[in-house]
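I opened my notebook to look up how the parts of this protein meet, and I set down below what I found.

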Amino acid sequence: MTKKQRAKIVMDELEKLYPEVPIPLSHYSPFTLLVAVALSAQTTDRKVNQVTPELFKRADTPQKMAAMEVDEIKEFIREIGLSNQKAKNLKRMSELLVERHGGEVPQTFEELEALPGVGHKTASVVMAQSFGVPAFPVDTHIHRLMKLWKLSDGKNVAQTEADAKKLFPKNRWNKIHLQIIYYGREYSPAKGKREQDFITRRLEI
């Protein structure tokens, strides 16, 4: 079975399972999505969704966030890992959005990745989900499953992203990366038993 054939099976099965894929992080604007994704590094989406409602009540625009002190931002996100650095990043990121971009979230990878605390994955999520630009953000589930499904050698996330973009149609990238995340959480967790991981079993036939 070729990689293209394996990828087709994966796409077909994921579409049956998850015809609709809501974004796991609660948000209601490009800025609130940017903040939520930046906060999600090395923590769970569930934890982020627990702290952002109160944070966004206080500051849901770059202007409001930039006006806050770092310690105040940290108080809202203290339950999240790396809260010290993330609070500093959020304040400086918001200041730069105001200074450089008129308080709007930019719509290019280069401008997004120039912001503090915004790496390629975070920029990819925002570009895909807020602006509809084809992107393939690779999280730990995608990196692991692409290797497990023999669609990538798993050397690093950059290679996994490149392999995914070659194997899956561009018009499916924004949806399928979420479908793989949902599948990994539900059927193939990183730890524990994987008896329900039927896609991996099928690809091993």
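**Entry 1: where the domains meet**

I began with R185 and D45, whose side chains meet in a salt bridge at 2.5 Å, N to O (a side-chain nitrogen of Lys or Arg within 4 Å of a carboxyl oxygen of Asp or Glu). I note that this is a predicted model, in which local features need pLDDT of at least 70 and side-chain atom pairs count only at pLDDT 80 or more, while totals for chains, interfaces and linings use all residues. Residues are numbered from 1 along each chain as its sequence is written, and side-chain values use heavy atoms, with hydrogens and water left out.

I then looked up the domains, whose bounds come from an automatic or database domain assignment: domain 1 covers 3–22 + 136–204, and domain 2 covers 30–131. Their C-alpha centres lie 27 Å apart. I found eight residues of domain 1 in contact with seven residues of domain 2, contact being heavy atoms within 4.5 Å.

Across this interface the rule finds one salt bridge. Helix α11 (residues 173–187) gives the largest share of the side of domain 1 that touches domain 2, namely four residues (helices are DSSP runs of H or I with at least four residues, numbered from the N terminus).

For the whole model I wrote down a count of 16 salt bridges. One of them joins the side chains of K57 and E54, at 3.1 Å from N to O. Both K57 and E54 lie in helix α3 (residues 45–58), three residues apart, which is about one turn of the helix.

**Entry 2: aromatic rings**

I also looked up the aromatic pairs (rings of Phe, Tyr and Trp, the last by its six-membered ring, with centres within 6.5 Å), and the count comes to seven. The rings of F136 and F168 have centres 6.0 Å apart and planes at 10 degrees, so this pair is stacked, the term for planes under 30 degrees apart. The pair links distant parts of the chain, 32 residues apart: F136 is in the loop between α8 (120–129) and α9 (140–148), and F168 is in the loop between α10 (157–167) and α11.

Terms used. Helices (H or I, at least four residues) and strands (E, at least two) are DSSP runs, numbered from the N terminus. Rings of Phe, Tyr and Trp (its six-membered ring) pair if their centres lie within 6.5 Å; planes under 30 degrees apart count as stacked, over 60 as edge-to-face and the rest as tilted.
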